[in-house]
Amino acid sequence: MVKQVWRLIPHFAAAGNLQMAVDKWLLKQHEQGKHPPALRFYTWSPPAISLGYHQRQYPEFWHNLTFAGDKLDLVRRPSGGRAVLHQGDLTYAIIVSGIAGSRLQAYTKICEFLIQGWRSLGVELSYGKAGRGYIHNPNCFATATGADLILSNGSKLIGSSQLRQGCAILQHGSMILHPNADLFNQVFGENTFKAVELPENLDQEIIIHSLINAACDVFDMQVEVSPISDYEWEEILNVLDDLRI
């Protein structure tokens, strides 16, 4: 039986509003039947704080934060959830359809590739157990719900959020790799940072490679590497919402 082919977009760094525009464009194209399922990994440059689509309350001083000489972007995600600091992290995005069940069941299905991929790197993850109380905390990484993945010491490694359009799903999430504790505490308050302990030999390239292999296994598919073309960039830029806040 021929396996389904997903598009794998190579990693690149870009401003947060542009990364969110790419995710939104991929979801719309897939929902309209114009684009296959897609997988990508990316980073945010400059560092940014992303807000969930419905998140309206956040500290005013977030507009004036800087890190390493750069002003932090404040960006709104198309998906839900709370604020995420994108510095020293790696973001994944999956755009797919045909996953049956509730929102939480879809999270569980998609997150399986994260669990399997990190397990191959010697890191065991489990689901968080926080209830709806998380909505009162602006910091996504202060609580871990059933859609999030935590380390054995209780620290949250991966926070994910979703957007559905018809039968198509965009799920993207942040993996905390090399966070700056001082910046984290500056954004979310003193003593809010929890250290993330990972094997020392892991770098971004190794992590991405392991997660791609796990995704191929979990979704029973194969990937075709395809960078975003000039024509596609034109489309993305033409419909780019100014998601900066």
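Guide: This is a predicted model. Buried residues make up 51% of the 245 residues in the protein chain.

Visitor: How do you know that the span of H1 agrees with its number of residues?

Guide: H1 has 16 residues. At 1.5 Å a residue, they should span 22 Å. The end C-alpha atoms of H1 are 23 Å apart, which agrees. After H1 comes Gly 33, with a positive phi near 75 degrees.

Visitor: Why is H1 called largely enclosed?

Guide: Count its buried residues. They number 13 of the 16 in H1, so the rest of the structure largely encloses this helix.

Visitor: Which element gives the largest share of the lining of the second largest pocket?

Guide: That is H1, with six residues. The pocket holds about 250 Å³ of space. It is lined by 13 residues, and the closest to its centre are Ala 21, Lys 24, Trp 25, Lys 28 and Val 239. Two elements give two or more residues to this lining: helix H1 (16–31) and strand S11 (156–165).

Visitor: What classes of residue make up the lining of the second largest pocket?

Guide: Seven residues are nonpolar, two are polar and four are charged.

Visitor: How do you know that Cys 216 is too far from Cys 111 for a bond?

Guide: Set the distance against the cut-off. A disulfide needs two cysteine sulfur atoms within 2.5 Å. The closest cysteine sulfur to that of Cys 216 is in Cys 111, and it is 17 Å away, so a bond is ruled out. The disulfide count comes to zero.

Visitor: Why are Cys 111 and Cys 216 each called buried?

Guide: The cut-off for buried is under 20% relative accessible area. Cys 111 has 1%, so it is buried. Cys 216 has 18%, so the label buried applies to Cys 216 too.

Terms used:
Residues numbered from 1 in each chain as written. Predicted model: local features only at pLDDT ≥ 70, side-chain atom pairs only at ≥ 80, totals over all residues. Heavy atoms only, no water. 1 Å grid on protein atoms, 1.4 Å probe; cavity = no way out; pocket = protein on both sides within 12 Å on 5 of 7 lines; lining within 4 Å. Points joined across faces, edges and corners; volume = space filled by probe spheres on them. Helix = DSSP H or I, 4+ residues; strand = E, 2+ residues; numbered from the N terminus. Nonpolar A, V, L, I, M, F, W, Y, C, P; charged D, E, K, R; others polar. Buried < 20%, exposed > 50% of the residue type's maximum accessible area, 1.4 Å probe, protein only. Expected span 1.5 Å × (residues − 1).
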